[in-house]
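Let's take a friendly walk through this protein. Have the sequence and the 3D view at hand.

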Amino acid sequence: MRKLLFLVPAIIIVGCSSKPTLVGEWSATPEGSPQAQTFTFESGNKVKMASNMMGQNFILHGDYKEEAASLSITPQKLETPGLEASLQKQVDSAFAAQKGKPMSFSLKWISADEAELTPTTNANPAVPSTKVVMKRTKK
């Protein structure tokens, strides 16, 4: 009977543990880059990635799918607030070639609030070529 009493809390603790979730806001800096990015994963598998390159804001909207130890992000829309018209055409053209093409990553959970993304394919030039460590900033 005494052994059973010790087993019950262990079963409850194991039964209550859940896998981490991406839902929330994350800060990320690709390895070897000073460029900080913000990822916002929403329930319903929507994602928003915001970054600033050379003073220009880029906001990518898309869909995401997490499976076991992998993550795919499929870009659907790109916003470039304030971009000069001459550059906007070039950006739109480059994005059109990437729209709807999944970017694939391996996903390694470091903790419930920290995860590492490593690209698994370079077929999409929008995929960073180095790993990215994301840290949760909001749930």
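## Threonine 40 and its contacts

Here, a contact means that heavy atoms lie within 4.5 Å. The structure is a predicted model. Which residues does threonine 40 contact, once its neighbours within four places in sequence are left aside? They are Gly24, Glu25, Lys46, Val47 and Lys48.

Threonine 40 sits in strand 2, which covers residues 37–42. Its relative accessible area is 18%, and because buried means under 20%, threonine 40 counts as buried.

## Aromatic pairs

A search of the whole structure turns up 3 aromatic pairs. One of them joins tryptophan 26 and tryptophan 109: the ring centres are 5.9 Å apart and the planes stand at 55 degrees, so this pair is tilted. It ties together distant parts of the chain, with tryptophan 26 in strand 1 (residues 24–30) and tryptophan 109 in strand 6 (residues 103–111), 83 residues apart. Are these two tryptophans buried or partly exposed? Tryptophan 26 is buried, at a relative accessible area of 0%, whereas tryptophan 109 is partly exposed, at 22%.

Now turn to phenylalanine 39 and phenylalanine 41. Their ring centres lie 6.0 Å apart with the planes at 5 degrees, so the pair is stacked. Phenylalanine 39 is buried, with a relative accessible area of 4%, and phenylalanine 41 is buried too, at 2%. Ring pairs also bring in Tyr64, giving a cluster of Phe39, Phe41 and Tyr64.

## The nonpolar core

In soluble globular proteins, nonpolar side chains tend to be buried together. In this model, the largest nonpolar core has 19 residues. Which of its members touch the most other members? The answer is Phe39, Phe41, Leu71, Ile73 and Met134, and Phe39 and Phe41 are also the partners in the stacked pair.

Several elements give two or more residues to this core: strand 1, strand 2, strand 3 (46–53), strand 4 (56–67), strand 5 (70–79), strand 6, strand 7 (114–119) and strand 8 (132–138). Strand 6 supplies the largest share, 3 residues.

## A closer look at leucine 71

Leucine 71 is among the core residues that touch the most other members. Not counting residues up to four places away in sequence, leucine 71 touches Leu22, Phe41, Tyr64, Lys65, Glu66, Met103, Ser104, Phe105, Leu107 and Leu117.

Methods: Residues are numbered from 1 along each chain as its sequence is written. This is a predicted model: local features need pLDDT of at least 70, side-chain atom pairs count only at pLDDT 80 or more; totals for chains, interfaces and linings use all residues. Side-chain values use heavy atoms; hydrogens and water are left out. Helices (H or I, at least four residues) and strands (E, at least two) are DSSP runs, numbered from the N terminus. Buried means under 20% relative accessible area, exposed over 50%, partly exposed in between (1.4 Å probe, protein chains only). Rings of Phe, Tyr and Trp (its six-membered ring) pair if their centres lie within 6.5 Å; planes under 30 degrees apart count as stacked, over 60 as edge-to-face and the rest as tilted. A nonpolar core is a set of buried Ala, Val, Leu, Ile, Met, Phe, Trp, Tyr and Cys residues joined through side-chain atoms within 4.5 Å.
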